[in-house]
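Hello,

I am handing over the structure we talked about, and my notes follow below it.

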Amino acid sequence: MNQTQIDGNVIDRCKRGDVRAFRELYNAYAAAMYNICLRMTGNVSDAEDTLQEAFIQVHRNIGKLESNISVTAWIKRIVVNHCLNNLRKKKVYYEEVEEVEVVEEPGIDEDSFTWTVSAVKSAIHGLPQGYRTVLNLYLFEEYSHREIAEMMGITESTVKTQYMRAKEKVRQIVKQQNLIR
């Protein structure tokens, strides 16, 4: 079963304490939520721990899920919040800066780069944690700069700056990977 097949009946059964229904819910969402955890934490062990903690919270709070709320969005928000909490415990630093205009480096012929999925994934994995978190939340989880700022407790301009710097850093890493080959 995938997450699109989860319906209100499964959620109602989860709310009544049906363990099999919760297993269906877990099986439908675990892989997608694990990928979020892995992108945000950057390692398998932390991703597995975070996923487990998040689903414990989902189980404890499923009774509070209102029928007008998307199950996917609700679970994703819990998972993302757990990822952010774990990063806070590790004291990930987000550089507060004033508005900064990022100027693209002149003379870069990006058409000459090999932009493979694995090269970009590797570059994102190599980002400092703060950059990687903002980039993942904006690019892959599709949160707005304002939502990210609220979740992370930083300013919107810091989120924008971190995102721009992350993109530039990815570009530089991919460029270096191409030069090494």
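**What I found**

In helix α7 (residues 145–152), the buried residues are His 145, Ile 148, Ala 149, Met 151 and Met 152. Buried here means under 20% relative accessible area, exposed means over 50%, and partly exposed is in between (1.4 Å probe, protein chains only). Looking down the axis of α7, the buried residues fall within an arc of 165°, so they line one face of the helix; the arc is that of the directions from the helix axis to the C-beta atoms. Arg 146 and Glu 150 are exposed on the face of α7 turned away from the buried side. After α7 comes Gly 153, with a positive phi near 70°.

Please keep in mind that this is a predicted model, in which local features need pLDDT of at least 70 and side-chain atom pairs count only at pLDDT 80 or more, while totals for chains, interfaces and linings use all residues. Residues are numbered from 1 along each chain as its sequence is written, and side-chain values use heavy atoms, with hydrogens and water left out. Helices are DSSP runs (H or I, at least four residues), numbered from the N terminus.

Next, two helix pairs. The axes of helix α1 (residues 8–15) and helix α2 (residues 19–41) come within 7 Å and cross at roughly 130°. Axes are lines fitted to C-alpha atoms, for helices over the stretch in contact, and angles run from 0 to 180 degrees between N-to-C directions. α1 and α2 are therefore oblique to each other (under 35 degrees is roughly parallel, over 145 roughly antiparallel, 65 to 115 roughly perpendicular, the rest oblique). On the α1 side, Val 10, Ile 11, Arg 13 and Cys 14 make the contact, and on the α2 side Arg 20, Ala 21, Phe 22, Glu 24 and Leu 25; contact means heavy atoms within 4.5 Å.

The axes of α4 and α6 come within 12 Å and cross at roughly 170°, which makes α4 roughly antiparallel to α6. Here Val 80, Leu 84 and Leu 87 of α4 meet Gln 129, Thr 133 and Leu 137 of α6.

Finally, two loop residues. Glu 142 sits in the loop between α6 (129–140) and α7, and Glu 142 is exposed at 66% relative accessibility. Its phi is positive, near 60°, in a residue other than glycine. Most residues other than glycine have a negative phi. Thr 114, in the loop between α4 (71–89) and α5 (117–125), is partly exposed at 37%. Thr 114 and Val 174 are 60 residues apart in sequence and 7.9 Å apart in space, C-alpha to C-alpha.

Best wishes
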